[in-house]
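Q: I would like to learn how to read this model. Can we take the features one at a time?

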Amino acid sequence: MKKLSLRTRVVTGAVVVAALGAGTFGAMSASASSPAAAPAAAVKADTSNRNLQQTTHLTVAAATKAAQATLDAAKKENQRISVAVVDRNGNTIVTLRGDGAGPQSPESAVKKAYTAVSWNAPTSELVKRLEQAPNLKDIPGTLFLGGGAPVQVKGAPVVGIGVAGAPSGDLDEKFAQAGVAALAR
């Protein structure tokens with residue numbers, strides 16, 4: 001086999017690289033200009049389908065309005081609180097930590113909101129239920145202290161508002177109710 005010169009090897013390598021690059025570019029160009037595959041058939045859903053359920057969700061703007069009304073009510077009474085608004089599934093929509101609120105208050109507010117929406121009752125009422133069923137407090141993510149209020153649509157819970165940081169659960173719940181009232185306006 002005859003040995004090629006350095007120049008011949010470099011020129012041959014450059015030609016091979018150019019040919020490969022042109023082939024790749026051509027394949028990419030061809031695939032880019034080909035028509036898109038037809039979309040998969042859309043699944044048609046209709047609310048009369050017995051396998052579907054409609055739910056009501058609060059917008060972020062409405063949740064923020066409720067949370068701000070709650071903070072404002074607490075501020076009028078010189079209380080430093082945090083407020084959380086969670087959806088029906090317990091997902092946090094908004095949390096606001098008021099100026100000077102304790103570091104534990106945001107998490108406690110979320111848990112109170114979750115507890116209120118889960119049982120569709122103010123957490124002050126749920127505290128009373130602990131006498132009959134003390135193991136309720138062992139359910140993860142819940143907090144059975146006053147300060148949580150559910151928001152209902154046609155009797156069904158859609159949102160929970162939780163407040164933490166005031167000196168008593170009664171005050172926390174009073175401020176949560178201010179948030180509920182703001183949604184009615």
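Q: How many bridges join β1 to β2, and in which sense do they run?
A: Start with the terms. Helices (H or I, at least four residues) and strands (E, at least two) are DSSP runs, numbered from the N terminus. Two strands pair if DSSP finds at least two bridges between them. Here five bridges join β1 to β2, and the two run antiparallel. One partner to look up is Val94 in β2, which bridges to Val85. The hairpin of β1 and β2 has four residues between the strands, and Gly90 in it takes a positive phi near 85 degrees.

Q: What kind of model is this, and what numbering applies?
A: This is a predicted model, where local features need pLDDT of at least 70, side-chain atom pairs count only at pLDDT 80 or more, and totals for chains, interfaces and linings use all residues. Residues are numbered from 1 along each chain as its sequence is written, and side-chain values use heavy atoms, with hydrogens and water left out.

Q: Which strand does β1 pair with over six bridges?
A: Strand β1 (residues 82-87) pairs with β4 over six bridges, in the antiparallel sense. Val83 has Val163 of β4 as its bridge partner. Val85 stands opposite Ile161 in β4. Val86 stands opposite Gly160 in β4.

Q: Which strand do six bridges join to β4, besides that pairing?
A: Strand β3 (residues 148-153) is joined to β4 by six bridges, and these strands run antiparallel. Val153 has Ala156 in β4 as its bridge partner. The hairpin of β3 and β4 has two residues between the strands, and Lys154 in it takes a positive phi near 55 degrees.

Q: In what order do the four strands form the sheet?
A: Read the pairings as a chain of neighbours. The order is β2-β1-β4-β3, an open sheet with antiparallel pairing. Its edge strands are β2 and β3, each pairing on one side only. Direction ignored, neighbouring strands are turned by 15 degrees against each other on average.

Q: Which helices pack on the sheet?
A: Two terms first. Contact means heavy atoms within 4.5 Å. Axes are lines fitted to C-alpha atoms, for helices over the stretch in contact, and angles run from 0 to 180 degrees between N-to-C directions. Helix α2 (residues 60-76) packs on the sheet and touches β1, β2 and β4; its direction makes about 30 degrees with that of β2. Helix α3 also packs on the sheet, touching β1, β2, β3 and β4, and its direction makes about 155 degrees with that of β4.

Q: Is β1 buried or exposed?
A: Buried means under 20% relative accessible area, exposed over 50%, partly exposed in between (1.4 Å probe, protein chains only). In β1, six of its six residues are buried. Both faces are covered: Ser82, Ala84 and Val86 lie on one side, with Val83, Val85 and Asp87 on the other.

Q: How many residues of β4 are buried?
A: Strand β4 (residues 156-164) has eight of its nine residues buried. Take Val159, found in this strand. Val159 has a relative accessible area of 0%, so it is buried. Its contacts, not counting residues up to four places away in sequence, are Leu58, Val85, Val86, Val117, Ala149, Pro150 and Val151. Val159 and Val85 are 74 residues apart in sequence, yet 6.8 Å apart in space, C-alpha to C-alpha.

Q: What span does α3 reach?
A: The expected span of a helix is 1.5 Å times one less than its number of residues. Helix α3 (residues 105-119) has 15 residues and reaches 21 Å from its first C-alpha to its last, close to the 21 Å expected. Its buried residues include Ser108, Ala109, Lys112 and Ala116. Among the elements covering the buried residues of α3 are α4 (123-129) and α5 (169-184). Just after α3, Asn120 takes a positive phi of about 55 degrees.

Q: At what angle do α2 and α5 pack?
A: Angles under 35 degrees count as roughly parallel, over 145 as roughly antiparallel, 65 to 115 as roughly perpendicular and the rest as oblique. Helices α2 and α5 pack at about 140 degrees, with their axes 7 Å apart. Therefore α2 is oblique to α5. Residues meeting there include Ala66, Ala69 and Ala73 in α2, and Phe175, Gly179 and Leu183 in α5.
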